[in-house]
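Here are my notes, written with the coordinates open on the other screen. Have a look yourself before reading on.

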Protein chains: 2
Amino acid sequence: MRDAAVPAGRRSTRGRPDTSYLNIVNVTSTAFGFRVTAVDGAARRGELTTPHGVVQTPAFMPVGTQGAVKAITHADLERIGAELVLGNTYHLCLRPGDALIARRGGLHRFIGWPHPILTDSGGYQVFSLAGRRTVSEEGVAFRSHLDGSPQQLTPERAADIQARLGSDIAMVLDECGANTGDEARARDAMERTLRWARRGRRRFLALRDGAGAADGVAVTNPGQAQFGIVQGSVSRALREESAAATVAIGFEAYAIGGLSVGEPPDVMYEVVGYTAPRLPADRVRYLMGVGTPLDLVEAVARGVDLFDCVLPTRNARNGQLFTRAGRLNIKNARYAEDDRPVDEECACYTCRHASRAYLRHLFLAGEIGAASLNTLHNLHFYLDTMRRIRNAIVFKSFETFRAAFREAYTARPRD
Amino acid sequence: MRDAAVPAGRRSTRGRPDTSYLNIVNVTSTAFGFRVTAVDGAARRGELTTPHGVVQTPAFMPVGTQGAVKAITHADLERIGAELVLGNTYHLCLRPGDALIARRGGLHRFIGWPHPILTDSGGYQVFSLAGRRTVSEEGVAFRSHLDGSPQQLTPERAADIQARLGSDIAMVLDECGANTGDEARARDAMERTLRWARRGRRRFLALRDGAGAADGVAVTNPGQAQFGIVQGSVSRALREESAAATVAIGFEAYAIGGLSVGEPPDVMYEVVGYTAPRLPADRVRYLMGVGTPLDLVEAVARGVDLFDCVLPTRNARNGQLFTRAGRLNIKNARYAEDDRPVDEECACYTCRHASRAYLRHLFLAGEIGAASLNTLHNLHFYLDTMRRIRNAIVFKSFETFRAAFREAYTARPRD
């Protein structure tokens, strides 16, 4: 059945003269492509091609909210093997502003990162502004967290901002919310997400075809791709409907949104398990905002190729470090005289040069270097986990890796 | 006259049976040495040998207050060519504690910096604790800025702490104060500094000879050297008396303290000008806590070999950047759309990868990376200035360099 059903979203737009673009289901950016090079069960090893280079998948994207991955330099990112970073549209459009970035030649040139960049739509941050935003069919009205100024984010504006930023991958605006268990509300959000996806795709294609220039929108990366986002909370029916209808609109690739927002891990794994196979096998699959190291392994096992999450960077700044044996809280007094590295099997700069005792001292002393060293380690751990996942898929040993990883990672709470 | 006068300090200790160490004027650590390899006027090009490696002089020491140069990694420090860093005894003895560091094998091993380290005596920080410290002949009683606990720093304890830290160069405890112009007070401080220097040297030699072990003081770097400090405010007579008496005690080398504490630059240059030649020509000369890039050039012109200062690192964190054309305040709105590097002649990582517009954005956005990139640039500028100074001395073009540097650096306020 999968991929064969004529989706509701597709049906509802048939016959409209001005929606012919919706029939170009397989339109792709010429500079954009994805190729699966090996499979092991549902897990896929692939290569994602973008205007700014190739990304080996499954891949984890460090989050560079304001145009920088917090506490480390781009050179550090390159050294630990990051191939793709995420920029937050919400933050960048408020400061320094997407128009200023466009005048600098786009985000890559502005921040000096010549490798692939994905930008989110800004929706996730706007929806998190509880009490400061109002949702309507048109979009979301909100107040800036910086100066309280009134702002509006619509599907069209999200596409415009990302055209100015010139990321390699843009995301459509979707309606994000907590998984409250209210199915009617989840259906409303899913259906609005579909309507917004059609508007966002139309705008994206108009910008690509040059029509955007008339509105003064500078397109700084003509090879930009746009991903659609599947919503539908934790309902299998909604997720399947959303997947089919989003695929019918036709994006370069697809993301699974609205997860890791409070539901238990097993529920998330289940949703990923029935949603991922509904997305085209020849397109990269992106699970947004996920997750723990174990989440990455479990989602890859269900066919996901791409991830982003603030966990490794944010936890690093709070002194929480990821290791093969679970999490380690560097503040703990037990590390005061511990001369071992954070993770004795880790080859990162931090583990080769700093003891737990030194890292604890730097953290308690409030040294900026604590954030840098901890971030280097956590990101290295995440990227190394992805490397091990990719190797395991190639060698058809992913299930063995997955079982061993889970056993080591969950052996005991460590803090 | 210089170096020939029998100093007052020497005379006053003659004949005491228990002060025979004072006659060993030229005692040196076997692992420690200094060799002048070229001179140009009073400026000297040299090599300082320590148990942890050789330092090319004139040299600037980045300040690593709490065991880390703020906002950058040791690898970054190595990449920009830092050969020697300074650690603050005051901070390290309070947190994580010198005993803990000794149990880790000393400061080098604890912080993972295998290159030379100089530690100050802790005196400067303690004297800056206005209202929280009491000076007596015995030493300085003070309260910790961390928890208010009562502490005492004596010449002996300063030597003990630094023996535990195991720095390559230890400093004697001196009495530091503002240059108030009160000559009687300046004489008192200078004379107490001499008495403390004798006690500090005696303790240092006892520790080196193994007597310290009886008091449970672990000596983590047997090759440690100890520098004496010349005081005397802005009085030529006091400085000359202090220099002669300090040299008579006999240290591996000598520092000029008590400058850059509020007096005008020209007064400081004058004091350095008549103090430096009073120090032995075959020993490295260290000007403590100095200074601006221009101060470094002017002090080298007067025979100084070694510097430390928080200016490049602290100003970096405040958004103030050093360039060949003076200081640049990255917060300034004029840089919002400036795609040029901070200093168009600079080869540092920051100038090769980041525009003023991006650095301004990072600073205003409160990104940790702003501190890192700014620190990398400022330290690179300082260390590059030292490299240019060293080359100029070798090529006998130091005066030309000095004039050109001053002209470019002071051409116009830039902020």
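1. How many residues does the contact take from chain A, and how many from chain B? The contact draws on 36 residues from chain A and 36 residues from chain B. Keep in mind throughout that this is a predicted model. Between them, chain A and chain B bury about 3100 Å², and 52% of that area sits on carbon and sulfur atoms.

2. On to the polar side of the interface. Eight salt bridges turn up across the interface of chain A and chain B. One pair to look at is Glu367(B) with Lys70(A), a salt bridge whose closest N and O atoms are 2.7 Å apart. Counting polar contacts instead, there are 20 residue pairs across the interface of chain A and chain B, with both residues at pLDDT 80 or more.

3. Which helix of chain A gives the most to the side that touches chain B? That would be helix 14 of chain A, with five residues. The helices of chain A that each supply at least two residues to this side are helix 2 (74-79), helix 4 (98-103), helix 5 (107-111), helix 13 (349-353), helix 14 (356-364) and helix 15 (368-394). Sorted by class, the side of chain A that touches chain B has 18 nonpolar residues, nine polar and nine charged.

4. Next, salt bridges over the whole model. Over all chains, the structure holds 64 of them. Within chain A, Arg199(A) forms one with Glu138(A), the closest N and O atoms being 3.6 Å apart. Arg199(A) lies in helix 8 (residues 183-208) of chain A, while Glu138(A) is in the loop between strand 7 (133-135) and strand 8 (140-143) of chain A, so the pair ties together parts that are 61 residues apart in sequence.

5. Now the strands, starting with chain B. There is an open sheet of three strands in the order 1-2-3, with antiparallel pairing. Its edge strands, strand 1 (33-40) and strand 3 (53-57) of chain B, each pair on one side only. On average, neighbouring strands of this sheet are turned by 15 degrees against each other, direction ignored. Strand 1 of chain B is joined to strand 2 (residues 43-50) of chain B by seven bridges, and the two run antiparallel.

6. Over in chain A, strand 2 (residues 43-50) and strand 3 (residues 53-57) run antiparallel and are joined by five bridges. How many residues lie between strand 2 and strand 3 of chain A in their hairpin? Two residues separate these strands of chain A. Thr50(A) stands opposite Gly53(A) in strand 3 of chain A.

7. Back in chain B, a further open sheet of three strands has the order 7-8-9, again with antiparallel pairing. Strand 7 (133-135) and strand 9 (150-153) of chain B are the edge strands, each pairing on one side only. Strand 7 of chain B and strand 8 (residues 140-143) of chain B pair in the antiparallel sense over three bridges. Val135(B) stands opposite Val140(B) in strand 8 of chain B. When you inspect these sheets, remember that in a regular strand the side chains alternate between the two faces of the sheet.

Technical notes
Residues numbered from 1 in each chain as written. Chains lettered and ligands numbered in written order. Predicted model: local features only at pLDDT ≥ 70, side-chain atom pairs only at ≥ 80, totals over all residues. Heavy atoms only, no water. Pairing = 2+ DSSP bridges. Helix = DSSP H or I, 4+ residues; strand = E, 2+ residues; numbered from the N terminus. Axes fitted to C-alpha atoms, helices over the stretch in contact; angles between N-to-C directions. Contact = heavy atoms within 4.5 Å. Buried area = accessible area lost by both parts, 1.4 Å probe. Salt bridge = Lys/Arg side-chain N within 4 Å of Asp/Glu carboxyl O. Polar contact = N/O pair within 3.5 Å; in protein donor to acceptor, adjacent residues only side chain to side chain. Nonpolar A, V, L, I, M, F, W, Y, C, P; charged D, E, K, R; others polar.
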